Amino acid sequence: MQVLVLGSAAGGGFPQWNCNCTNCESVRQNREGYTARTQSSIAISSDGKRWLLCNASPDIRSQLNATPELWPNTLRGSGIAEVLLVDAQVDHVTGLLSLREGCPLDIWCTPTPIAI
Ligand SMILES: [Zn+2]
């Protein structure tokens with residue numbers, strides 16, 4: 001099994017757009033030891049060809065462009081065959097809007113909770 005870490009930051013990424021803490025400021029100032037990170041997501045594959053994307057963050061476009069294993073290998077296509085949504089947080093689902101345009105995807109999620 002192969003696991004690709006596409007992003008490892010909390011919602012909003014790192015640095016946060018509205019934060020000027022020492023860490024966020026250090027990224028903006030290109031200080032040594034500080035690296036910008038995109039929002040959390042991983043891709044999993046058993047064969048290195050078909051990938052399960054775990055969460056589709058708003059950063060998915062830049063994450064895919066930075067990950068050669070997930071680049072299209074046909075004129076129109078993607079190695080991403082399925083998407084697993086671990087929850088319905090906006091940081092985990094809005095990337096689905098970028099995965100449109102003709103590549104069918106199976107999307108997995110938990111059932112809707114039953115109201116009591
Ligand atoms: Zn900060």
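This is a predicted model: local features need pLDDT of at least 70, side-chain atom pairs count only at pLDDT 80 or more; totals for chains, interfaces and linings use all residues.
User: What percentage of the residues of the protein chain count as buried?

Analyst: Buried means under 20% relative accessible area, exposed over 50%, and partly exposed in between (1.4 Å probe, protein chains only). Of the 116 residues of the protein chain, 28% count as buried.

User: Which protein donors does the zinc ion have, and what spacing do they follow?

Analyst: Donors are N, O and S atoms within 2.8 Å of the metal (3.2 Å for Na, K and Ca), and sites may look incomplete because water is not among the atoms. In this model the SG atoms of Cys19, Cys21 and Cys24 are the protein donors, lying 2.2 to 2.3 Å from the zinc ion, and along the chain the donors follow the spacing C-x1-C-x2-C.

User: Is Cys24 buried or exposed, and where does Cys21 stand?

Analyst: Cys24 has a relative accessible area of 2%, so it is buried, whereas Cys21, at 33%, counts as partly exposed.

User: How many salt bridges does the structure hold, and which side chains meet?

Analyst: Side chains of opposite charge can pair when their charged atoms come close. A salt bridge is counted when a side-chain nitrogen of Lys or Arg lies within 4 Å of a carboxyl oxygen of Asp or Glu. The structure holds 1 salt bridge, in which the side chains of Arg31 and Glu25 meet at 3.9 Å, N to O. Arg31 is partly exposed at 36% relative accessible area, and Glu25 is also partly exposed, at 28%.

User: In which strand is Asp106, and what is it in contact with?

Analyst: Helices (H or I, at least four residues) and strands (E, at least two) are DSSP runs, numbered from the N terminus. Asp106 belongs to strand β5, residues 106-108, in a chain with 3 helices and 5 strands. Contact means heavy atoms within 4.5 Å; leaving aside neighbours within four places in sequence, Asp106 is in contact with Ala81, Glu82 and Val83.

Terms used. Residues are numbered from 1 along each chain as its sequence is written. Side-chain values use heavy atoms; hydrogens and water are left out.
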